[in-house]
Amino acid sequence: MSKPVIHAFFDEPTNTVSYLVADPETKQAAVIDPVLDYDHKSGKANVQSADAILKKAEDEGFTIGMVLETHVHADHLSGAPYIKLKTGAKVAIGERIREVQKIFRPVFNAQDVSGTGAEFDILFKDGDTFTIGNLKGEVIATPGHTPACVSFKIEDAVFVGDTLFMPDYGTARADFPGGDARQLYRSIRKLLALPRQTRLFMCHDYLPKDGRDQYAWETTVGEELDRNVHVHDGVTEDAFVEMRTGRDATLAAPVLLMPSIQVNMRAGQLPPADVNGVHYLRVPITLAS
C-alpha cells in the first residue's frame, strides 16, 4: 500500500483544517476542503489560505487535479473555485448535494441554483473510487451532519469532514436542515468499523474547555473507539441520539452560516451579481410573533 503525503493547513478563524494530499511517486495531488478567507463584518474576502496550499504544492512539485469537498460547509466559504482557476482541478462532492440545494434554494430564493448538483464537476456516490496518481481513493457516504456528507478514504487515511471530531471533543451537530442524529451515529459506526490503525483526519478542531491547549486533527479509529466522549465503544444509538439532540438544542448558529451555505451550495461561487455588478449575500429575516 502506498502512503499518501499529507499536509494540513489550519485556519484558526473558522477552526477549519484543509489538506493537500499527494502521491509521492507521481506527484499527483488533491486538495480537501479549502478555505476562502472571508471577513463577515466588512464583506471582504481574500485567498491567503488557498495560496498557502498552492505554494506548498509548487514547492513540492505536486500537480493538483481535484478539489474534494466533504460537504456543504456552514462555517467557512470554500476556496475551491480559486484552486480550480489556478490549477484546472475538478471540484467533487457527494451526489446528495442535490438534496442540500433543494433545501436551501427556496430559503435564499436562489433561483440560479440548479438543484441537480451541476455546479460541481464530479458527484460521487457511496462506494465510488478514484485515484490520485497511484493512490487509491474510496468515497464513503457519511450523512447525518448534512445529507450530502461524504468521507474520503485514501489508502490508510480517511478524511471524515464534520462527521467526527477529536476524541476529547466528540462529534458534529446534526440539527441543520436535512441533518439527522440517528443517521450520524450510523455513519460514525461505519467509519469506526475500519481497522483500528486507520488514520482519521478531522475537518475541524476546537479546544475542549478542560484539557489540551493545542489544536490537533489526526487520530485513529482505535483512539476514537477507546476515548471519543460521544461515541466510544459501548455508546448505544439511542443514547447518542438523546445526547446529540439535547446538545444541539443549546448550540447557536455558526457565525458564517448564511454566507457559507449560499456560496458553498454553488461549488464556492458567489451568487450572481446584481444589475450594478455587485455580488450580494442574502439574510432571511424571521419576525418573532
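Visitor: By class, which residues make up the lining of the second largest pocket?
Guide: This is a predicted model, to start with. The lining of the second largest pocket has seven nonpolar, three polar and four charged residues.

Visitor: What volume does the second largest pocket have?
Guide: About 240 Å³. It is lined by 14 residues. Closest to its centre are Arg 266, Pro 271, Pro 272, Tyr 280 and Arg 282.

Visitor: And how much space lies in the largest pocket?
Guide: About 880 Å³. The residues lining the largest pocket number 38. Of these, Thr 14, Asn 15, Asp 75, Tyr 206 and Pro 254 are the closest to its centre.

Visitor: Which element supplies the largest share of that pocket's lining?
Guide: Strand β4, with five residues. β4 spans 35-39. β5 (44-46) and α6 also supply at least two residues each.

Visitor: How does the lining of the largest pocket divide by class?
Guide: There are 19 nonpolar residues, seven polar and twelve charged.

Visitor: Back to α6. At what angle do the axes of α4 and α6 cross?
Guide: Roughly 125°, and the axes come within 9 Å. Helix α4 covers residues 181-192, and helix α6 covers residues 237-248. The two helices are therefore oblique to each other.

Visitor: Is that crossing left-handed or right-handed?
Guide: The crossing of α4 and α6 is right-handed.

Visitor: Which residues meet there?
Guide: From α4, Ala 181, Arg 182, Leu 184, Tyr 185, Arg 186 and Ile 188. From α6, Glu 237, Asp 238, Phe 240, Val 241, Arg 244 and Thr 245. By class, this contact has six nonpolar, one polar and five charged residues.

Visitor: New topic, cavities. How many are there of 30 Å³ or more?
Guide: The count comes to one. The largest cavity has a volume of about 40 Å³.

Visitor: What lines the largest cavity?
Guide: Glu 69, His 71, Val 72, His 73 and Ser 78 are part of the lining.

Technical notes: Residues numbered from 1 in each chain as written. Predicted model: local features only at pLDDT ≥ 70, side-chain atom pairs only at ≥ 80, totals over all residues. Heavy atoms only, no water. Axes fitted to C-alpha atoms, helices over the stretch in contact; angles between N-to-C directions. Helix = DSSP H or I, 4+ residues; strand = E, 2+ residues; numbered from the N terminus. Parallel < 35°, antiparallel > 145°, perpendicular 65-115°, else oblique. Left-handed = near helix turned anticlockwise from the far one by under 90°. Contact = heavy atoms within 4.5 Å. Nonpolar A, V, L, I, M, F, W, Y, C, P; charged D, E, K, R; others polar. 1 Å grid on protein atoms, 1.4 Å probe; cavity = no way out; pocket = protein on both sides within 12 Å on 5 of 7 lines; lining within 4 Å. Points joined across faces, edges and corners; volume = space filled by probe spheres on them.
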